[in-house]
Amino acid sequence: MSREALARLAEERIDHRFKGLPPDADGLTVAELTAQRRSLFTGGFTTPVLALSAERLEHNLALMETYADRHGLAFAPHGKTSMAPRLFQRQLDRGAWGITLAVPHQVRVARAFGVRRVFLANELVDPAALRWIAAELAADPDFRLVAYVDSVRGVRLMAEALRGAVRPVDVVVELAAGEGARTGVRTEAECAEVADAVAAVPGALRLVGVAGYEGEVPRATPERVRAWLARLVALAAGFDAAGRFAGLDEIVVSAGGSAWFDAVADVFAEFPELSAPVLKLLRSGAYVSHDDVHYRRLTPFNRVPEEGALEPAFRLWAQVVSRPSAEQAFLNAGKRDAAHDLDLPVAQVVRRDGAERPAAGIELTALSDQHAWLRTTPEAGLDVGDWVGLGLSHPCTSFDKWQLIPVAEADGTVVDYVRTFF
């Protein structure tokens, strides 16, 4: 990545764009504010404010690096989770092959910060975006992009937009996770038709492998997921036997979201020998912050505890602004601040006068745009002005609500800030 572009993030001025940050920090650069090492709790931060745990973030980055190495997997973490170049850099420093992305805007962000390898987990048929990618490939010999293809028509549209390109775009045929699943080619016969279409436009596209997303397997169980992964491996082997990968230095086979990467590791460990080395590319993204509800339930580390455990790194701090009855209280954080597409936030701790206690007797029952509804029992002991720390669900829709996120150590000292670009 470009160290110069990352350094410019530290030169950005604090102002009204960045919610939760101290009002008296306006005009400071991010670097200047970072150097002050303010306390999240007494340093002028205003609620609601989202924070990342410095220790847990580092733990998660290290754990997935170790996991991928142990299982012989390359790693392209899904950047759409955070859209944070500083986190991209930390993932790459931890040995990531590259960054996975989903749409052209995200690729533009990655390229603005010098990411050299991108796995685009989508078929891209927008001609303007394809022409821009062709120009990036032509201008930078070190840039590599691998994209999905999942239809003959998509291949033709891509080829038309890429006519005259200096370098072809590398593509992998996406195998659908099953009938009624999301994107991807439904049958192996149709996969062969898409591969033939790619072979017919060699100057525009180059077939380099196969891929898919096991998280979309209908009624997923370990057995169903492994059966689909076996189909993906067999598809790669069949393509190779048919000579579709002739001349390649490596064959790309990619899968692996955040819920079934243990199955990916198991099935990919038994990969048959092909005509070229296989780049076994894992794409988990939510691991970087993990969460307190959805991925805490789904993480593969629940099935393989001997491999370690991810730690939820997010906490949203909000303040009690209304206590209309003994059974009800309201916080000043709502849908604009907290992920709510999969699960509601969970009250974890209450903070008053510098002391924290468990959030006993407190249940978050609903979110309005700017309020959280709490149901309380007598043991809650809540009062107006108390801070409540909330655990969140679904990292992908937590990061996108905050442009500049403080990273705090366990004692509340803010040691860094993460800039997002959604």
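Which residues in helix 1 meet which residues in helix 4? On the helix 1 side they are R3, L6 and L9. On the helix 4 side they are P85, R86, Q89 and D93. The model is predicted.

**Helix packing**

Helix 1 spans residues 3-10 and helix 4 spans residues 85-93. Their axes lie 10 Å apart. The packing angle is about 140 degrees. Roughly antiparallel would need an angle over 145 degrees, so helix 1 and helix 4 are oblique to each other. Their crossing is left-handed.

**Aromatic pairs**

A pair of aromatic rings is described by the distance of the centres and the angle of the planes. The model holds 13 aromatic pairs. Two of them are set out here.

| Pair | Centre to centre | Angle between planes | Class |
|---|---|---|---|
| F119 and Y148 | 5.8 Å | 85 degrees | edge-to-face |
| F261 and F301 | 5.4 Å | 65 degrees | edge-to-face |

Take F119 and Y148. An angle over 60 degrees counts as edge-to-face, and the planes of F119 and Y148 stand at 85 degrees, so the pair falls in that class. The pair links distant parts of the chain. F119 belongs to strand 4, residues 117-123. Y148 belongs to strand 5, residues 144-149. Buried means under 20% relative accessible area. F119 has 0% relative accessibility, so it counts as buried. Y148 has a relative accessible area of 2% and is therefore buried.

Now F261 and F301. F261 lies in helix 10, residues 261-268. F301 lies in the loop between helix 11 (294-298) and strand 10 (314-325). The pair therefore ties together parts that are 40 residues apart in sequence. F301 is buried, with a relative accessible area of 3%.

**An aromatic cluster**

F41, W317 and W387 form one aromatic cluster.

**Charges over rings**

Which ring does the charged end of R111 sit over? That ring belongs to F143, and the charged end of R111 is 4.0 Å from its centre. A lysine takes up such a position too: K19 lies over the face of W402. Its distance from the ring centre of W402 is 4.2 Å.

Technical notes:
Residues are numbered from 1 along each chain as its sequence is written. This is a predicted model: local features need pLDDT of at least 70, side-chain atom pairs count only at pLDDT 80 or more; totals for chains, interfaces and linings use all residues. Side-chain values use heavy atoms; hydrogens and water are left out. Rings of Phe, Tyr and Trp (its six-membered ring) pair if their centres lie within 6.5 Å; planes under 30 degrees apart count as stacked, over 60 as edge-to-face and the rest as tilted. Helices (H or I, at least four residues) and strands (E, at least two) are DSSP runs, numbered from the N terminus. Buried means under 20% relative accessible area, exposed over 50%, partly exposed in between (1.4 Å probe, protein chains only). A charge sits over a ring if NZ of Lys or CZ of Arg is within 6 Å of the ring centre and within 35 degrees of the ring normal. Axes are lines fitted to C-alpha atoms, for helices over the stretch in contact, and angles run from 0 to 180 degrees between N-to-C directions. Angles under 35 degrees count as roughly parallel, over 145 as roughly antiparallel, 65 to 115 as roughly perpendicular and the rest as oblique. A crossing is left-handed if the near helix is turned anticlockwise from the far one by less than a right angle, and right-handed if clockwise. Contact means heavy atoms within 4.5 Å.
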